[in-house]
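Grab a viewer and work through these exercises with the model open. Each task comes with a worked solution, taken step by step.

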Amino acid sequence: MMRRALIFAFAALLMLAAPQRLAASGHDGENFSPKEMVMEHLADSYEWHITSIKGRDIIVPLPVIVRSSTGWHVFSSDKICHPGATYYGLYIAHEGKYKDKIVEDVGGAQKRPIDLSLTKTACGAIFSLLVVMILFLVAAAAYKKRNEVDYCPKGLAGLMEWLISSILDSVIKPCVGSNWRKFAPYLLTAFFFIFVTNLLGLIPIFPAGANVTGNITITLFMAVMTLLAVNLFGSKHYYKEIFWPDVPIFLKAIPLMPLIEIIGIFTKPFALMMRLFANILAGHSIILSLACIIFVTVHMGAAVNGSMTAVALLFMIFMNCLELLVAFLQAYVFTMLSSVFIGLAQEGH
Amino acid sequence: MGLLTPSGGLLFWMTIAFAVVFFILAKFAFPVILGSVQKREEYIDTQLDAARLAEVRVAGLEEEGKKIIADAEREKVNILKDAAASRDKIVGDARETAAEEAARIIAEAKKQANEEKEAILASARGEVAMIAVQMATKVLRGQLTDKEAQMALQEILGEEASEVGK
């Protein structure tokens, strides 16, 4: 027992010294910028940077799809992603309004082409959606195979049924009300997409690990979906409450209340968008910043570096546990608030 | 501010991917899973109802069984009581009949005995009368000594006795 503990402690010490060795062998150690590293992860990019080994970047190139002034172009991102590269007159801007985006020079001015590139975030989102789809289709296949009324699924199907039932019974049914059947597919897809994406975001290994739910476009899309679900299927009562609410007439004559209500239609999804975006973004940046501590302290000597590595590791473990909770919580909160908004718009049905 | 600016291309791909996955799941996955869960729930409900009904029925049967047992018990008591009563009655009747019969037989026997006694007495009276007549005859025929008289009497009595003995 004692010997095992000693071996473990020795191995831990060696690992604490590892970043210094790594940094000393690579060129990154000299001009390592934590801000750049964190921002690079949080922002979308045309290629999927996995890691660097001894100064060589390991990159998965992704398809770039743009419509520039010379027409549609589809090509691999490795043609354009190294500094100074241009392809069909297209290049990645390094500063200005379109920083880190593909631009072209038309008539002396920087212009942004129509850009439908499958970026890192897009691929991450598609990967999560594929995972969600496969999970559900496999679960559904288990039911179809055993077409029995008293069949109680085990394994993956059992897990999925448990998750679905708990979300249905604790969130969707009570919040949406009697019309829940109509909205359950959207709410369940939204919940599982956000939940799975959040979890995949915590796994630092390709093809997981992209910052998907911490990207404003993704959360904007989810919020717009909820906005549509709320307002396209709103009841007469819901619209009467917006345009002609039960308030004294002078609040409606100058349309003060209707104005507030109409703004409310948009602030609710906006809050959904910002909440999910900010939570996941913050989680990713905190974990990455903690990891950066290790590399920032490399030049301060083995003692400082080793102890800071230990501290950073402990905090990273703690933050990962917290993010695990946040991953579920944010998916849960998004689904619950969407359900509540939908439920409020269904009143009087 | 790059982080806060939505990107059109990403929105495009996200919309397509989400829409495709949503429609596939809404068509092939959720109806199957939710339908199965609901069917199972209904099945469990009906089974529970059936079990409850069966329980009630079993309780009723138990009650009925108890009632039947109680009835049988009462019947048994009644039968035993009746049996005891009829036994007593039969025994009493028999005893009465036997007593009557005995009384009748005794009465008959007494009557017969009386008749026989009367007959014996009557014949004895006749004998004594005959003896008295013979004695008187003898006395009248000869002088009989006391001794001879004694002997003659013995003789007559012996004759009578042998006659009776015949």
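Helices (H or I, at least four residues) and strands (E, at least two) are DSSP runs, numbered from the N terminus. This is a predicted model, where local features need pLDDT of at least 70 and side-chain atom pairs count only at pLDDT 80 or more, while totals for chains, interfaces and linings use all residues. Residues are numbered from 1 along each chain as its sequence is written, and chains are lettered from A and ligands numbered from 1 in the order in which they are written.

**Exercise 1.** Describe the build of chain B.

*Solution.* Start with the secondary structure: chain B has two helices and zero strands. Next, its C-alpha trace spans about 195 × 25 × 25 Å along the principal axes. Then check the radius of gyration (over C-alpha atoms; the globule rule is 2.2 Å times the number of residues to the power 0.38). Chain B comes out at 62 Å, whereas a compact globule of 166 residues would be near 15 Å. Finally, 8% of the 166 residues in chain B are buried (20 or more other C-beta atoms within 10 Å of the residue's own, C-beta atoms being placed from the backbone).

**Exercise 2.** Work out how many residues of chain B are in contact with chain A, and of what classes.

*Solution.* Now sort the chain B side: 23 are nonpolar, six polar and two charged. Here Ala, Val, Leu, Ile, Met, Phe, Trp, Tyr, Cys and Pro count as nonpolar, Asp, Glu, Lys and Arg as charged, and the others, Gly among them, as polar.

**Exercise 3.** Characterise how H6(A) packs on H1(B).

*Solution.* Take helix H6 (residues 216-232) of chain A and helix H1 (residues 8-141) of chain B: their axes are 9 Å apart, at an angle of about 50 degrees. Axes are lines fitted to C-alpha atoms, for helices over the stretch in contact, and angles run from 0 to 180 degrees between N-to-C directions. H6(A) and H1(B) are therefore oblique (under 35 degrees is roughly parallel, over 145 roughly antiparallel, 65 to 115 roughly perpendicular, the rest oblique). On the H6(A) side, the contact uses Thr217(A), Ile218(A) and Phe221(A), and on the H1(B) side Leu10(B), Leu11(B), Met14(B), Thr15(B) and Phe18(B). By class, that contact has six nonpolar, two polar and no charged residues.

Terms used:
Contact = placed C-beta atoms within 7 Å. Buried ≥ 20, exposed ≤ 12 C-beta atoms within 10 Å, placed from the backbone.
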